[in-house]
Amino acid sequence: MNILLVTADPEGQSFAKSLADRYVAGIRETKTAKVELADLAAEGFDPRMTPADLAVYRETGPLPQDVRREQQRVERADLLLLATPIYWWSLPAVTKGWIDRVFTKGWAFGSNDRSFGPLSTKHVRLIATGAGSHRLYQKHGYESAMAAQIAHGIFNFSGVTNVETHLFLDVESGDRAARLRNLATAHDLGRAYAEGQHQPSAQPHLLPAD
């Protein structure tokens, strides 16, 4: 299995990245997996849309080389694993800009049948961390909003049918025992994925359940 792990933490090892690492470790308990790390912050990926990007959308110009390089990373992967904190109930700017620029018309969408496109065979897992509580997310329907915006609006729209979001909340509480439980949960989720025991759901999973 080839895994592309995408992260964009400006300080390096975020808790979301640690959770993703544990998820990969769980996969590796039962299946051989090669991991390619796309550390967008460390690599200096430019998330800003450019005139060249708009020309690709309008079919009036060639694909920028840095965009094609990222697409090739995705094409090599069986599993796209995004490790991301939640910023304003969505993705951080660099991660969102990576999607804006890399998921281009004619590659991720815009074809007659996306079910046979380059993303149609990919599996996607979002390992997302938030400072808010389970109660807050449930009260305001944020998990449903994220499912519509990200899982459906980005990945389903791009032809991906196997996509799931794992939400780890209250991660800034300072509770060391809770962090260790979260890491163990991420490991178990990875193992279950590798063993085919876990079926994807449209709704994000709030983890751990209190």
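Close-up 1. Ala178, Asn182, Ala186, His187, Leu189, Gly190, Ala192, Tyr193 and Ala194 are the buried residues of α8, buried being under 20% relative accessible area, exposed over 50% and partly exposed in between (1.4 Å probe, protein chains only). This is a predicted model, in which local features need pLDDT of at least 70 and side-chain atom pairs count only at pLDDT 80 or more, while totals for chains, interfaces and linings use all residues. Residues are numbered from 1 along each chain as its sequence is written, and side-chain values use heavy atoms, with hydrogens and water left out. Helices (H or I, at least four residues) and strands (E, at least two) are DSSP runs, numbered from the N terminus. Helix α8 covers residues 176-194, 19 residues in total, and its first and last C-alpha atoms are 28 Å apart, close to the 27 Å expected at 1.5 Å a residue; that expected span is 1.5 Å times one less than the number of residues. At the start of α8, look for a side-chain oxygen of Asp175 within 3.1 Å of the backbone nitrogen of Ala177. Just past the other end, Gly196 has a positive phi of about 70 degrees.

Close-up 2. Strands count as paired if DSSP finds at least two bridges between them. β1 and β3 run parallel and are joined by 4 bridges; here Leu4 has Leu80 as its bridge partner in β3. Next, β3 pairs with β4 (residues 123-129), again in the parallel sense, over 7 bridges. Along that pairing, Leu82 has Leu126 as its bridge partner, and Thr84 sits opposite Ala128. β4 in turn runs parallel to β5 (residues 162-168), with 7 bridges joining them, and Val124 stands opposite Val163. Strand β3 (residues 79-85) has 6 of its 7 residues buried, so it is largely enclosed by the rest of the structure. The count for β4 is also 6 of 7 buried, so β4 is largely enclosed by the rest of the structure too.

**Close-up 3. Ser14 in the loop between β1 and α1.** This serine sits in the loop that links β1 (2-7) to α1 (15-28). Ser14 counts as buried because its relative accessibility is 11%. Leaving out residues up to four places away in sequence, Ser14 touches Thr7 and Asp9; a contact means heavy atoms within 4.5 Å.

**Close-up 4. Val160 in the loop between α7 and β5.** Here the view moves to the loop between α7 and β5, where Val160 lies. At 2% relative accessibility, Val160 counts as buried. Not counting residues up to four places away in sequence, Val160 touches Leu119, Lys122, Val124 and Phe155. Pro118 is 42 residues away from Val160 along the chain, yet their C-alpha atoms are separated by 9.3 Å.

Definitions and conventions:
Polar contact = N/O pair within 3.5 Å; in protein donor to acceptor, adjacent residues only side chain to side chain.
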